[in-house]
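Here's a quick briefing to read with the model open beside you.

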Amino acid sequence: MYRLTDSPDLIIRLADGAAIPREHRFWADYQAWLGQGNSPGPAESPAQLLPRLLREIDAAADAASQFYVGSELRALEYRQAAAEAQSYKDGGCKGDAPPAVQAWASAKGLSGKDAADGILAKAAACDQALYAIRALRLAGKEAVRNAADADAARAAAEDALAKLRQLAESPDALAAPEGDAANAGGFWRSSLKLFSRGA
């Protein structure tokens with residue numbers, strides 16, 4: 001259930017990979033577990049630690065991305081809708097809306113133009129989220145690779161993981177592009193939330 005580290009003041013909880021320092025409130029749980037006659041696993045070697053931390057960052061980025069785009073099939077659906085919305089808008093929103101745009105218009109009681117605008121706003125919001133996730137993932141992995149020692153590598157990974165979790169749990173943490181007209185009245189933020197719910 002626990003694994004030692006190269007520091008006597010830090011252990012790893014295997015259930016979730018949490019690094020628990022001696023002063024942490026969960027250290028008492030570890031001590032109680034030891035008191036039941038259990039023994040922690042050996043510390044990871046540097047050769048084991050680095051790949052694990054990199055995998056954890058990739059997995060957290062994947063989980064954060066899924067919050068915004070869902071499954072691969074749903075992502076394809078969104079891309080198709082955005083492509084149709086852009087084409088319709090480029091044509092001046094004349095004539096019947098394309099099928100993906102019309103589906104959203106009918107579901108929400110919108111005009112074809114308003115549906116296209118909403119789809120494009122949501123697509124832009126999703127793109128910004130995915131760019132932010134990519135940036136955090138790549139920067140986090142590089143920080144782990146460049147860490148001076150195991151403690152620094154764990155700290156770098158924990159920082160990246162915390163930021164990725166925050167991004168997945170708090171879409172409003174992403175700021176809309178400055179001057180973005182869609183940001184008026186909080187529309188940009190609500191669009192992102194709608195997109196994440198599968199609109």
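At what angle do helix 5 and helix 6 pack, and how far apart are their axes? The angle is about 170°, and the axes of helix 5 (residues 112–145) and helix 6 sit 8 Å apart. That makes helix 5 roughly antiparallel to helix 6, a label used for angles over 145 degrees. This is a predicted model, where local features need pLDDT of at least 70, side-chain atom pairs count only at pLDDT 80 or more, and totals for chains, interfaces and linings use all residues. Residues are numbered from 1 along each chain as its sequence is written, and side-chain values use heavy atoms, with hydrogens and water left out.

**The whole chain**

- The protein chain has seven helices and three strands; helices (H or I, at least four residues) and strands (E, at least two) are DSSP runs, numbered from the N terminus.
- Going along the sequence, you get the pattern β-β-β-α-α-α-α-α-α-α.
- Of the 199 residues, 37% count as buried, where buried means under 20% relative accessible area, exposed means over 50%, and partly exposed is in between (1.4 Å probe, protein chains only).
- The chain exposes about 11,200 Å², and carbon and sulfur atoms supply 54% of that; the areas come from the Shrake-Rupley method with a 1.4 Å probe, and for residues only the protein chains shown count as cover.
- Take the contacts (heavy atoms within 4.5 Å) with a separation of 6 or more: residues 24 or more positions apart account for 57% of them.

**How the helices pack**

- Two packed helices are described by the angle between their axes and the distance between the axes.
- Axes here are lines fitted to C-alpha atoms, for helices over the stretch in contact, and angles run from 0 to 180 degrees between N-to-C directions.
- Helix 2 (residues 46–69) packs against helix 5 at about 175°, with the axes 10 Å apart.
- That angle makes helix 2 roughly antiparallel to helix 5.
- Among the residues in that meeting are Leu50, Leu53 and Leu54 from helix 2, and Cys126, Ala129 and Leu130 from helix 5.

- Ala64 is in helix 2, and it counts as buried because its relative accessibility is 1%.
- Ala64 touches Ile133, Leu164 and Ala168, if you skip residues up to four places away in sequence.
- Ala64 and Leu130 are 66 residues apart in sequence, yet their C-alpha atoms are 8.6 Å apart in space.
- Asp127 has its place in helix 5 and is partly exposed, with a relative accessible area of 40%.

**Arg154 and Asp151**

- Arg154 lies in helix 6 (residues 150–169) and is buried, with a relative accessible area of 10%.
- Asp151 also lies in helix 6, but at 38% relative accessibility Asp151 counts as partly exposed.
- The side chains of Arg154 and Asp151 are joined by a polar contact of 2.9 Å (a pair of N or O atoms within 3.5 Å; within protein, one must be able to donate a hydrogen and the other to accept it, and residues adjacent in sequence count only if both atoms are side-chain atoms).
- Setting aside neighbours within four places in sequence, Arg154 is in contact with Thr5, Asp6, Leu10, Ile12, Leu49 and Leu53.
- With those neighbours set aside too, Asp151 is in contact with Asp6, Ser7 and Leu10.

- Helix 3 has 19 residues and reaches 27 Å from its first C-alpha to its last, close to the 27 Å expected at 1.5 Å a residue (1.5 Å times one less than its number of residues).
- The buried residues of helix 3 include Ala75, Tyr78 and Glu84.
- Just after helix 3, Gly92 takes a positive phi of about 80°.
- Cys93, in the loop between helix 3 (72–90) and helix 4 (99–108), has a phi near 55°, a positive value in a residue other than glycine.
- Cys93 counts as buried, at 18% relative accessibility.
- Ala15, in the loop between strand 2 (10–13) and strand 3 (18–21), is exposed, with a relative accessible area of 69%.

Methods: Parallel < 35°, antiparallel > 145°, perpendicular 65-115°, else oblique.
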